[in-house]
Structures are given as C-alpha cells and as structure tokens.
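Dear colleague,

I am passing on the structure we spoke about, and my notes on it follow below. Please read them with the model open beside you.

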Amino acid sequence: MPETNWKIKNIREQVAVIDGKVAPTIVLKNARYLHSIFKKWVEGNIWILNDRIVYVGERMPVLVEGTEIIDVAGKTIVPGYIEPHVHPFQLYNPQSFADFAAQTGTTAFISDNMTFAALMDNKKAFSLLNQLRQLPFSFYWWARFDSQTETELEGEMYSTASVLEWLDQDSVLLGGELTAWPKLLRGDDQMLHWIQVAKLKGKKIEGHFPGASERTLVRMKLLGADGDHEAMTIEEVESRLLHGYAVTLRHSSIRPDLPQLLKDAVAKQLNVFDHLMMTTDGSTPSFYQDGIMDKCIREALEAGVAPIDAYNMATYNIARYYNMSGLHGLVATGRYASLNILQDEFSPTPEAVLSKGVWLKRDNRKVLSLPTIDWSAFGELNMDFDLCDEDFQFSMPVGIEMVNDVITKPYSIPHLNHNAVLDSANDESYLMLIDRQGKWRINTMIKGFASSVQGFASSYSTTGDIILIGKSIEEMKFAFKKLKEQNGGILLTENKNIIASIDLAISGSLYNGDVETLIAKEVALKEALSERGYHHTDAIYTLLFLQSTHLPYIRITRKGLFDVLKNRVLLSAVMR
C-alpha cells in the first residue's frame with residue numbers, strides 16, 4: 001500500500017475522536033452510501049477528521065464543537081473516482097488536469113512518468129512529485145521502461161539505476177506500460193530484470209498489447225505482465241480474463257471502445273464486472289468536456305451495467321487491484337476522506353466533492369482550485385538557433401502515409417520535390433523533425449495529414465523535438481519563427497498570419513493554465529485544421545505518435561525515418 005502522511009500524533013488524535021475527546025472536522029449525517037465490499041447501499045453517518053474517515057456507522061460523535069455537520073438525507077455518496085491510466089501531459093499538466101478532473105468527481109490519478117523521464121533528471125522529477133503530493137488530490141505514478149521511440153538517449157533516460165530509483169518511490173504503483181514488449185520477447189533480460197524487481201516490491205506490471213494473439217498474451221503473462229488496457233473487442237476481453245489478466249476497458253478520444261465492450265458483456269451475461277476497470281487513457285483536452293471517470297460510469301449505466309458494478313469499476317476494483325483499498329475506493333473507516341455526493345446513483349457527476357477532507361465543489365459550484373506548483377524544473381524551450389534554406393531540402397524517396405490518426409505506412413514519393421509550394425490538389429505535405437537544440441534534422445513527406453495546411457509548427461511531440469509540416473516552405477519557416485518567439489507550442493499559419501495556436505510555456509510541452517481555456521484553444525486548432533483538410537479524429541495524437549515506435553509502422557524519430565516492423569532506420573538524421 002502507498003505510504004500515508006499520518007504520523008503517530010495524527011493517528012492518536014483520530015482515535016481520540018472515537019473516544020469523544022476530539023471533535024471531528026466534518027460529519028455527513030443520514031448518508032446513503034455505497035459499501036463496495038457488501039455491494040449494497042447502506043445508511044449511516046460518516047465522521048471525518050481532516051483528511052481521513054474515522055468512523056462510518058449508525059452513531060453520531062459525542063463531541064461536535066466546531067464540527068461542520070451536514071445532513072445529506074436524500075443524497076447518495078460514493079468514493080472519489082480513480083483514473084488508473086493517466087497520461088497527464090496531453091497539453092495539460094498534472095496539476096491543471098487534476099484541478100479540472102476533481103470537479104467531476106475524479107480525485108485520484110495513477111499516471112505516466114514519461115515526460116519527467118524525457119525532460120529532467122530524477123532528482124528534479126521527485127521534487128515535483130513531492131509538490132504534487134501536498135495538494136488535496138491523490139497522485140500515484142508508474143515507472144516506464146522505454147521511451148516509445150528510437151533515440152540515442154534511451155540508455156541514459158532508462159538506465160537500470162534510473163528505473164530502479166522510480167520503482168523505489170512509494171507513490172509508484174506499477175511498472176510499464178510495456179510498449180516495448182517485442183524487445184522483451186526478443187530476449188531483453190534488462191527489462192525482464194526490471195519487471196522482477198517491480199514485482200518483488202509489490203508493484204503491478206501493465207501491458208500494452210493491442211491485437212495480441214493468445215500466444216503473445218500467454219508469453220507476456222509468463223514474463224510478468226499483470227494487466228492490459230488494449231482490448232478492443234469482447235473476445236479480446238475474454239481472452240485476457242481467461243489467462244488471468246486484469247482488464248481495464250478504454251474510452252478515449254482515439255479508442256472509444258468502452259460503450260460497445262460493456263454492451264457486449266451485458267448481452268453475453270458475463271459475470272466479470274468485479275474484475276474490470278475503466279480508463280480514458282490520456283485523452284486530449286476536448287474529449288473531457290462532458291466528464292472524466294463520471295463519463296465512463298455514465299457509459300456503463302447506459303450500457304445496462306448495474307449501478308454498483310459501474311461505480312466499483314471506477315473506484316473499488318482499481319483500489320483493490322493496486323493494493324490501495326486501505327486508502328481509496330471504499331467508504332469505510334480509515335480511508336482518505338475523498339467522497340462524491342450525488343443526486344442519486346444514476347447521476348455520476350457529483351453535486352459536491354470532498355478530496356482528502358477538503359471541499360473542492362459544493363452545490364454544483366467550484367469552491368476551491370488546487371494550488372499551482374513550481375514547474376521551473378522543466379525549464380523553458382529557448383530555441384537558440386535559426387533555420388536556413390539548406391535545412392529545407394526534401395529529396396528523400398520514401399515518406400510517411402497516415403492510415404488513421406496514429407497508424408502509418410510507408411509510401412514511395414513519386415517525384416523528388418524541389419518546389420517551394422506543393423499542389424493543394426493532393427494531400428502530400430513536407431514534414432520535418434528538428435532537434436530542440438538544433439543539432440540535427442530529418443526531412444521527408446507526409447501523405448494524408450491535410451490538403452491545404454500552409455505552415456504548421458509544434459514543439460509538442462513524444463521527445464519534445466520540433467515538428468514542422470506544410471505545403472509551403474516559406475510558410476513553414478514563418479511558423480517556426482513564430483514558434484521560436486513564443487518559446488514553444490503549436491501554431492497553424494497561413495499567408496504569414498497565425499490562424500490558431502496553443503502556447504505551451506512549460507518547456508514547450510505543457511500548457512500553464514486551466515483546462516477550460518486549453519479546451520477552447522484546442523477546439524479552435526482542430527476546427528482550423530479540419531477546414532484545411534485534416535480528416536482524422538485527433539490531430540494532437542497524430543503529433544504525439546509520429547515518433548512512437550510502439551505502433552506500426554513508419555515513424556520519424558531522432559535516429560531517422562524508422563521501420564518498426566523491420567526494426568531498422570531507413571533514412572538517417574542529418575547533422576546541421
């Protein structure tokens with residue numbers, strides 16, 4: 001179980017509440033609450049001292065001087081929701097996303113550490129984790145074992161020493177996700193050692209096995225995988241359960257599989273809901289306009305899942321699987337006072353939210369924002385270099401063709417391009433990846449991104465390097481210039497004007513502001529791209545996954561244009 005903040009003095013004071021010597025800070029009386037172990041709605045009174053539930057039952061406290069007593073008769077209380085698979089760097093930052101999530105009842109994250117590993121050393125990262133831990137929200141993490149791309153810095157970012165330092169953190173609950181599992185199957189004993197260390201420390205191993213055969217699932221289970229969130233059909237769910245995997249069902253901006261999976265589970269009368277969890281899997285900001293884990297619960301209810309099962313999939317099942325049910329996922333004595341007050345069990349978006357004993361929302365209104373933290377450890381982007389005409393030479397014979405938002409394939413460029421402007425009658429564009437310090441570049445073509453995007457620049461990418469896309473070389477230069485002036489972000493330009501932009505002040509990768517404002521910026525950008533021929537679902541994911549070698553099958557990486565299936569560089573990066 002994760003470390004708690006309660007010291008001997010705190011625990012003695014909590015016991016003193018039961019003995020009538022200390023008054024609780026809050027009492028919720030006449031509560032109708034979910035008891036996830038009995039799988040029943042129970043009535044009673046909930047006593048809270050600061051951030052901990054000290055009693056749940058029929059009694060009322062003897063001493064109530066200074067106690068906030070709230071009659072919640074007619075309401076329904078459930079545990080704070082847990083998001084078990086968060087990528088808290090999808091333009092938003094961990095603090096801003098938590099502040100946003102809490103308003104719809106999600107009070108705990110289990111999050112990806114990839115951006116920390118990519119952009120700073122462990123000492124700085126752990127300092128940020130400690131700052132986040134002080135907030136009235138529960139942050140937990142996973143330790144990645146690979147960078148999801150090809151980079152010369154892989155051994156430095158994911159050395160044994162670095163990975164083991166992450167696994168030593170009490171707030172780290174799992175290793176993975178195993179996006180580099182093919183390397184493990186090919187005999188990588190270093191990764192197998194990390195898995196064994198994680199399991200010895202009581203941490204789970206999360207897989208990443210989209211479309212995996214039964215043979216692959218069996219082999220990965222033997223190698224140490226405990227769970228997987230990539231099932232896309234009910235048959236894949238059943239196969240994972242058959243072999244003892246914990247299964248997390250996904251409802252994300254690029255894979256909204258949850259509703260159909262649950263409908264199929266109900267139709268097949270599968271009695272497996274105690275063994276299922278739910279996640280939004282790091283969706284981009286605008287996907288969250290109608291909720292986060294409350295959105296998943298709503299989908300479950302609409303699919304015909306019983307309300308108690310629906311809530312447990314977003315609370316108790318997650319807490320039990322990650323060995324944290326002593327703190328989370330249960331309205332019972334000793335747990336964190338993270339509670340959602342609902343109109344009824346069919347309305348999962350709460351009217352009021354307590355997170356670690358702090359009111360964040362009351363009477364359907366936000367009453368407290370999470371304090372901001374110091375992001376200076378990330379540093380600024382500061383691109384201290386310029387691009388010259390020589391950098392914009394596109395003479396490569398092979399390019400990248402987009403099959404959908406994130407899947408790509410190679411295509412032979414029919415003619416070597418020396419044109420300053422490409423014909424808007426087709427969907428070919430120039431594509432560049434440039435080192436964030438300006439040391440190297442890779443030039444190729446991308447087909448299927450858009451038909452009439454003149455200039456596009458982004459410092460948001462898997463590695464934080466710079467992506468340039470466009471029909472016009474001059475417009476791409478202009479977009480880069482504007483990106484440099486604002487120290488990073490995402491810019492769409494046309495006729496030397498900025499059409500849409502998202503400023504990413506935290507190291508060129510993260511937005512330093514509230515998610516509501518970020519959503520408006522993202523929606524404007526996506527609409528502008530759509531008007532210019534981007535016909536896929538999520539352009540932000542396209543940017544993120546252009547470098548990601550855990551997906552098929554041609555990627556632009558720090559080493560060059562990379563063939564994932566053949567595990568080789570097709571065209572190397574050019575030093576500047």
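A helix here is a DSSP run of H or I that is at least four residues long, and helices are numbered from the N terminus. Please bear in mind that this is a predicted model.

With that numbering, helix 3 gives the largest share of the lining of the second largest pocket, namely 3 residues. Helix 3 (114-119), helix 5 (154-157) and helix 6 each supply at least two residues of that lining. The second largest pocket has a volume of about 440 Å³, and of the 20 residues that line it, A117, A118, L153, E156 and M157 are the closest to its centre.

The axes of helix 6 (residues 160-167) and helix 8 (residues 189-200) come within 10 Å and cross at roughly 20°. Angles under 35 degrees count as roughly parallel, and therefore helix 6 is roughly parallel to helix 8. The crossing of these two helices is right-handed.

On the side of helix 6 the contact is made by T160, V163, L164 and L167, and on the side of helix 8 by Q190, W194, V197 and A198.

With best wishes

Notes
Residues are numbered from 1 along each chain as its sequence is written. This is a predicted model: local features need pLDDT of at least 70, side-chain atom pairs count only at pLDDT 80 or more; totals for chains, interfaces and linings use all residues. Side-chain values use heavy atoms; hydrogens and water are left out. Axes are lines fitted to C-alpha atoms, for helices over the stretch in contact, and angles run from 0 to 180 degrees between N-to-C directions. Angles under 35 degrees count as roughly parallel, over 145 as roughly antiparallel, 65 to 115 as roughly perpendicular and the rest as oblique. A crossing is left-handed if the near helix is turned anticlockwise from the far one by less than a right angle, and right-handed if clockwise. Contact means heavy atoms within 4.5 Å. On a 1 Å grid over the protein atoms alone, a cavity is a set of points where a 1.4 Å probe fits but cannot get out, and a pocket is an open set with protein on both sides within 12 Å along at least five of seven lines; lining residues have an atom within 4 Å of a point. Grid points are joined across faces, edges and corners, and a volume is the space filled by probe spheres set on the points.
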